[in-house]
Amino acid sequence: MRKIDLETPSTPSVQVIERMFTLLDVLASREQAMPLKEISEKAGLHPSTTHRILNDLATGRFVDRPQAGNYRLGMRLLELGNLVKNRLNVRDAALEPMRELHRITQQPVNLSMRQGDEIVYVERAYSERSGMQVIRAIGGHAPLHLTSVGKLFLAADDAQKIRMYASRTGLSGHTKNSLTQLANLERELAKVRRDAFATDNEELELGVRCMAAGIYDDQGKLVAGLSISAPASRMEEAWLPKLRATAEQISRSLGYHR
C-alpha cells in the first residue's frame with residue numbers, strides 16, 4: 001500500500017480535495033457500508049488520513065457511519081443530486097416557453113431558483129430589442145426579499161422561517177423602495193399568497209420592475225420562478241395572464257397537476 005505523509009495540512013488544499021474525491025469514488029463502488037481498512041487500501045491512503053477525511057465528510061453528511069468503523073455515501077449527496085436534476089429538468093422544460101413569452105413581451109424573461117437566502121438566475125430569454133440592459137447574468141444572484149421570484153419562495157415559508165430569514169440577512173435594501181422592515185415584508189408576502197404572483201417595484205434596481213409566477217414539480221413543490229423584467233415605465237399588467245399561463249405550462253411538463 002502506498003504510504004501517505006501523516007502530516008496532512010490542517011487547511012484545505014488541492015491534495016486534500018483530491019483525496020476526498022478518491023474516497024467518495026471508493027464508497028460509490030459498493031452498495032454496502034465498507035470498513036475503514038478496506039477503504040484506505042482501495043484509496044491508497046494511510047488509515048489515519050482516511051479516518052480524518054471521512055469524519056470531516058460525515059460532519060457534512062456526505063458520508064454516513066451506520067456503525068463504528070464502517071462508512072457509506074451519505075444522504076447529502078442524494079439531496080444535491082436531486083437539486084441538480086431539478087435544475088436541469090426545469091431549465092429544459094422552460095427554455096422554449098420562455099422564448100415564446102419573450103417574443104410576445106419583447107422583454108427579458110428570467111428563470112430563477114432558490115439557493116439558501118438568495119435566488120440564482122439559471123436561464124434567460126433576452127434580445128437587444130428589449131431596450132433594457134441585463135445587469136445580472138446567468139449564474140448571478142440576489143436577495144430573496146428584493147426580487148419577485150424570491151418573494152414567491154419566502155411566501156411558501158412559514159412565519160418562523162421568514163423571521164429567521166429576516167434575522168440572518170438584516171433585510172438590507174438596495175433602493176428606497178426595498179422592503180427593509182419585517183412587518184412590511186410580511187404584508188407583502190401575504191399579498192403574494194393571496195394573488196399567487198409576486199412583483200418587484202424597483203426594489204432591487206431603480207428603474208426596473210419585475211413580475212413573477214411560480215413553477216411547481218410533480219409533488220406540488222415550488223422549484224423555480226418565472227419572471228418578466230422591464231423598465232419601470234414599460235411594465236404592462238396585461239402580461240401577467242400570459243406569464244402565469246407560461247409558468248403553469250412549464251409546471252405541467254414537470255408533472256404538476258393543480
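Helices α2 (residues 36-43) and α3 (residues 47-59) pack at an angle of about 105°, and their axes lie 9 Å apart. Axes here are lines fitted to C-alpha atoms over the stretch in contact, and angles run from 0 to 180 degrees between N-to-C directions. Helices are DSSP runs of H or I with at least four residues, and strands are runs of E with at least two, numbered from the N terminus. The angle makes α2 roughly perpendicular to α3 (65 to 115 degrees). The model is predicted: local features need pLDDT of at least 70, side-chain atom pairs count only at pLDDT 80 or more, and totals for chains, interfaces and linings use all residues. Numbering starts from 1 along each chain as its sequence is written, and side-chain values use heavy atoms, without hydrogens and water.

From α2, Leu36, Ile39 and Ser40 meet Pro47, Thr50, His51 and Leu54 of α3. Contact means heavy atoms within 4.5 Å. This contact has four nonpolar, three polar and no charged residues. Nonpolar covers Ala, Val, Leu, Ile, Met, Phe, Trp, Tyr, Cys and Pro; charged covers Asp, Glu, Lys and Arg; the others, Gly among them, are polar.

The whole structure holds two cavities of 30 Å³ or more. A cavity is a set of points on a 1 Å grid over the protein atoms alone where a 1.4 Å probe fits but cannot get out; lining residues have an atom within 4 Å of a point. The second largest cavity has about 40 Å³ of space, a volume being the space filled by probe spheres set on the points. Its lining consists of Glu188, Lys191, Val192, Asp195, Phe197, Ala198 and Thr199. Helix α7 (182-195) and strand β7 (198-201) each give two or more residues to this lining. The largest share, four residues, comes from α7. By class, the lining has three nonpolar, one polar and three charged residues.

Note on methods
Angles under 35 degrees count as roughly parallel, over 145 as roughly antiparallel, 65 to 115 as roughly perpendicular and the rest as oblique. On a 1 Å grid over the protein atoms alone, a cavity is a set of points where a 1.4 Å probe fits but cannot get out, and a pocket is an open set with protein on both sides within 12 Å along at least five of seven lines; lining residues have an atom within 4 Å of a point.
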